[in-house]
Amino acid sequence: MKKSDLQAKNIKNNIKIKKSYKNVTLFNTKSATLLLTKFRTEDKMKDIIGRISSVETMGTVDGPGVRYVLFMQGCNLRCKYCHNPETWAHDGKCLKFTPGTMVRRILRYKSYMGKDGGVTFSGGEPLLQPEFVTALLKLCKFHGMHTAIDTAGVGGEHIGDILNNTDLVILDVKATNAEEYKKITGFSMDKFNEFLKILDTKPCKVWLRQVIVPGINDTEEKVLSLKDFAKKIKNVEKIELLPYKTLGVHKYEKLGIPYPLKAVPDMDEERLEELQKLLKV
Ligand code: SF4
């Protein structure tokens, strides 16, 4: 190579090096600290294992927009109309992931989420795996994703940590008084009431939901009491009534669990619409 060609090549290489150095500098100043925090956080999270019953990669009913939905394994309630009895057992058949592995899976779908979508933790009961759920929520927030939990509000400790990283709480209100709550879930309302107290201290948006079951809570009186209940909760954006469906009955048969609502038909959609109108303000 001639000396002049060599000089020209060196100059070109220098320019390339300077350009890439500039990129490195920009990258360092803007993102490296955040990335370092993320890697350190992920490293700390590598021993946390989440138990997940199943996932839905493009859900459209559990929160705004298109969502990655994780159905967590384990629930302490026994709602009469539950259509996911396979999620009850804490040690039931499930997928096991660390938060780091799970967030990488979720990120594959981030481009489908658009500006409204995000990630929803459903169940089972997401509050019962606070370490995993909090860690994964933090990673989702780090990656700029909207976060929601779909919960019955019955968990153990560290609920505040979960809510600190949650944009939207989809709260399944089983009943608004202790007697009916026990009839539907088999348990006392105390933990639910504790959850409400913690929720009241957080800025999360709230959607309230109630499953309407013929002969159990399909009356105007009960729907109006849900409306009153909603007035006591902060940041409620909407109240949705969901129709009871007999869809999950075959799961009970498969699991050998007696189905408690055998004689109850699907909720009539027209009646449900009438009841939903009572919730308009
Ligand atoms: S809280 Fe949800 S998962 Fe648990 S029993 Fe009730 S309906 Fe089923």
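User: Which residue stands opposite Arg67 in E2?

Analyst: This is a predicted model, in which local features need pLDDT of at least 70, side-chain atom pairs count only at pLDDT 80 or more, and totals for chains, interfaces and linings use all residues. Residues are numbered from 1 along each chain as its sequence is written. Strands (E, at least two residues) and helices (H or I, at least four) are DSSP runs numbered from the N terminus. The residue opposite Arg67 in E2 is Gly59.

User: In which sense do E1 and E2 pair?

Analyst: Strands of a sheet pair through backbone hydrogen bonds, either parallel or antiparallel. Two strands count as paired if DSSP finds at least two bridges between them. E1 and E2 have five bridges, and their sense is antiparallel.

User: Which residue in E4 does Val69 stand opposite?

Analyst: E2 and E4 pair over five bridges in the parallel sense. Within E4, the residue opposite Val69 is Thr120.

User: Which residue in E7 is the bridge partner of Asp172?

Analyst: Strand E6 (residues 168–172) and strand E7 (residues 205–212) run parallel and are joined by five bridges. The partner of Asp172 in E7 is Arg209.

User: Within what arc do the buried residues of H2 fall?

Analyst: Helix H2 (residues 99–107) has Pro99, Met102, Val103 and Ile106 buried. They line one face of the helix, because seen down the axis of H2 they fall within a limited arc, taken from the directions from the helix axis to the C-beta atoms. That arc is 100°.

User: What do the buried residues of H2 pack against?

Analyst: Two residues are in contact if their C-beta atoms, placed from the backbone, lie within 7 Å. By packing, the buried residues of H2 meet E1, strand E2 (67–72), E3, E4 and H4.

User: Is Arg104 buried or partly exposed?

Analyst: Arg104 is found in helix H2. There are 14 other C-beta atoms within 10 Å, so Arg104 is partly exposed.

User: Which residues are buried in helix H6?

Analyst: Helix H6 covers residues 178–185. Its buried residues line one face of the helix, because they fall within an arc of 80° seen down the axis of H6. They are Tyr181, Ile184 and Thr185.

User: How many nonpolar residues does the shell around the ligand have?

Analyst: Residues surrounding the ligand, each with its C-beta atom, placed from the backbone, within 6 Å, include Cys75, Arg78, Asn84 and Glu125. Ala, Val, Leu, Ile, Met, Phe, Trp, Tyr, Cys and Pro count as nonpolar, Asp, Glu, Lys and Arg as charged, and the others, Gly among them, as polar. The shell has four polar and two charged residues, and its nonpolar residues number five.

Methods. A residue is buried if 20 or more other C-beta atoms lie within 10 Å of its own, exposed if 12 or fewer, and partly exposed in between; C-beta atoms are placed from the backbone.
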